[in-house]
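Dear colleague,

Please find below the structure that I am handing over to you, together with its sequence. My findings follow directly after it.

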Amino acid sequence: MSDIRLDDKLGTAWRKPHFVKNPTLRWTLIAGFVAYMIAAFMTIEVDWGRVYEGLDRGWAFVLAFTSPDFTSRASDIWEGLLESIVMTVAASVVGILISIPIGLGAARNIAPLPVYVLCRGIVAISRALQEIIVAILLVAIFGFGPLAGFLTLSFATIGFLSKLLAEDIEAMDRVQAEAIKASGARWTQWINYGVQPQVMPRLVGLSMYRIDINFRESAILGLVGAGGIGATLNTAFDRYEYDTAAAILILIIGIVMALEYLSGIIRAKVQ
Amino acid sequence: MPVREQNGTQIWHRRTGRESLVRWFGWLLGVAVFVYCWQIISASTTWFFVWDAPRIANDIWTRATPPKWEYVTQLGRPIWDTLNIATLGTLIALCLAVPVAFLAARNTTPSGLFIRPIALLIIVSTRSINSLIWALLLIAIIGPGVFAGVVAIAIRSIGFCAKLLYEAIEEIDQSQVEAIAATGASRWQVMAYGIVPQIMPAFAGIAVFRWDINIRESTVLGLVGAGGIGLQLSASLNVLAWPQVSLILLVILLAVVISEWVSAKIRGAII
Amino acid sequence: MLQLKKLTKNYKTGDQALKSIDLEVPKGQVLALIGPSGAGKSTLIRCVNRLVEPTSGEAMLDDVDLAKLGSGALRKARREMGMIFQEYALVERLTVMENVLSGRLGYVGFWRSFLRRYPQSDVDEAFRLLDRVGLLHMADKRADELSGGQRQRVGICRALIQNPKLLLVDEPTASLDPKTSRQIMRLITELCRERGLAAIINIHDVALAQMFVPRVVGLRFGEIVFDGPPDGLTPEKLTEIYGEEDWEATIEKIEDDDADIEAAE
């Protein structure tokens, strides 16, 4: 402590200590980052002429937002949107229902080891596979249409919700659950009285959040033939019908905003 | 707690008669909606294909195994492109998300009435639309390629990063900001000394988190022509080269696992 | 030097936090502001450096009316007033040295402060102050690694490096244990004497205030109800400030404490 003397410090410059203390490591990291950035920029082929040409189209698209065309493809838009909503609702219901038992099974503090391993395995697979890849495979297996989309979203919901539910159960207050157990409750009663009240608000919140995600995802499943508004949107882009595309995007943004608003209200209510 | 008299004894019910009626009706409505949704899905499904699904799945499986290992030599460049799309997209998004977040946070916005709603609109509209749709749009505007992918990922990530960041800004300890302001610091100095150090950990966490998500998303951007390994996936699917598809899926899975591991490591090091 | 004239603060909620306060603090005088929670102590000192905007009235620092300054002039005026906070209010993720140097922010330009290139005279002064409060060896530690008492010392350094005329001190000991509280109070009063600074110290610990300051001002519901030397705080006066309680014990305790300290030193 006393080996640092004021007289030694006075007149010496002060520099903020570096975040990475080891200078070799610090410079290696900086050099590596710079080298990567150079390499990355070198290998990106940008056709600036094409980009420049595109600016007009980009501007046309921005303008399209001021005059979206809801009418000329109204029936396509309506059908696609309805299909998206239907897939969202059905997949959310089924996904939430399935993810509750799997979530219970994936919580280490209430499930026996074999069940835990099995459920965690399901969660890991579901999370590792992206929606769009699952959709491609399911379309190949079940054919085109909303069934593949519905299954995709259900599967993705399970991975998302089970994991978060399990983490929530693992973080719950042990004492409350033990008190119920001490009253001689059987396992189902214990879950119902000791665990459910603690995780319910968060489960509702997460479910609402997932419905929101499911709707957003349902908008792209149509790109690979799994139903929903995506197909209509893709066609609109292919035909350069920016005003129709703008109309669809506005509808998607509007619905997502409405869902977020709704979920905010519901979350505030259950908490 | 409603208690009713019945035959001279007091009976406890969890809810009043009216409450339980409303609940019961709510459930009925929910079930009806679900059944309706299911019927729509069912109506647009070719059930013959569904009954045939196990055979088709089996068929695809036999064709896809074993993966065509030697094809991996052609995947080096696509993987590199995928990494670049995710990384550069994330960096660009972060640069744009920071100002948006400061404009959107209640305690730092210059004008709650005019600028904050605009910032929030940017956040919600970029966030509601999937990166695949942004990619579709950008391809229509600036043509296919890695650059469209980078921009698509960047736009999609602005809203996500800005939302988490502005929530972090709203949660900072205001007394530290006050203390800096009390020294006579200017507006920018208050920001650099009072606010930025407090949100740095959140910022780093968000950056790594979003990078991880972007790796996943950029693997499939190629499906619509925006570069990366998805291009190979799409090409292989089009010619039904299942052994290549299975290899690509394995590579994507590996990339996702590695990126998740890296992001977990970095987040652990920061916090 | 500091003169408050009819200083009033009404919050938007309709609470009248300060009711026309008149107060004069001469150069070099250390003053303790006591009163129950919600009496307006905190609002009063925040109205002086305008972390809270006063509704009406004047706050004259020498010849400048602080209440009427524009933002540029206010920044210049704030440099003359160092502030010390209850929960230290250090920027926890910055180092001790950065926290101390942040007191110079009103004097250096943005890029200099952003790149941490402070003038050598500032750096030397920071070292001197840290040495004075016994924390020189901690200069490169992060602020959140420090104990409460150490953090408050850093807070004091940050206020003093501004080279102020006046210190505004908001509950400096509220989060500290009794021994550290006294050390901090002693440090603040000593430093004020050394540098000839005036200070307004908000404090809810009456005994501690009586121990260290020559003048006590009692605030109740936004009004000054007592102004005088610490031994003028009779049980009747304390009742007027805080409400009915048995005050004899508090006053006796002070004497005991003094005896303890003398015995210990």
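In this predicted model, chain C holds an open sheet of four strands, arranged in the order β2-β1-β4-β5 with antiparallel pairing. The edges of the sheet are formed by β2 (16-25) and β5 (64-65) of chain C; each has a single partner strand, so one side of each is left without a neighbour in the sheet.

Within the sheet, strand β1 of chain C, which covers residues 2-10, runs antiparallel to β2(C) and is joined to it by six bridges. In β2(C), C:L23 is the residue that stands opposite C:L4. Helix α1 of chain C, residues 41-48, lies across β1, β2 and β4 (56-61) of that chain. The angle between helix α1 of chain C and β2(C) is about 60 degrees.

Chain A is built otherwise: eleven helices and zero strands are found there. Chain A has a radius of gyration of 27 Å, whereas the globule rule gives 18 Å for 271 residues; the value is well over that figure, so the chain is more spread out than a compact globule. The C-alpha trace of chain A spans about 85 × 70 × 35 Å along its principal axes.

Two further values describe the packing of chain A. Of its 271 residues, 39% are buried. Among the contacts in chain A with a separation of 6 or more, 71% are between residues 24 or more positions apart.

Yours sincerely

How values were computed: Residues numbered from 1 in each chain as written. Chains lettered and ligands numbered in written order. Predicted model: local features only at pLDDT ≥ 70, side-chain atom pairs only at ≥ 80, totals over all residues. Helix = DSSP H or I, 4+ residues; strand = E, 2+ residues; numbered from the N terminus. Rg over C-alpha atoms; globule rule 2.2 N^0.38 Å. Buried ≥ 20, exposed ≤ 12 C-beta atoms within 10 Å, placed from the backbone. Contact = placed C-beta atoms within 7 Å. Pairing = 2+ DSSP bridges. Axes fitted to C-alpha atoms, helices over the stretch in contact; angles between N-to-C directions.
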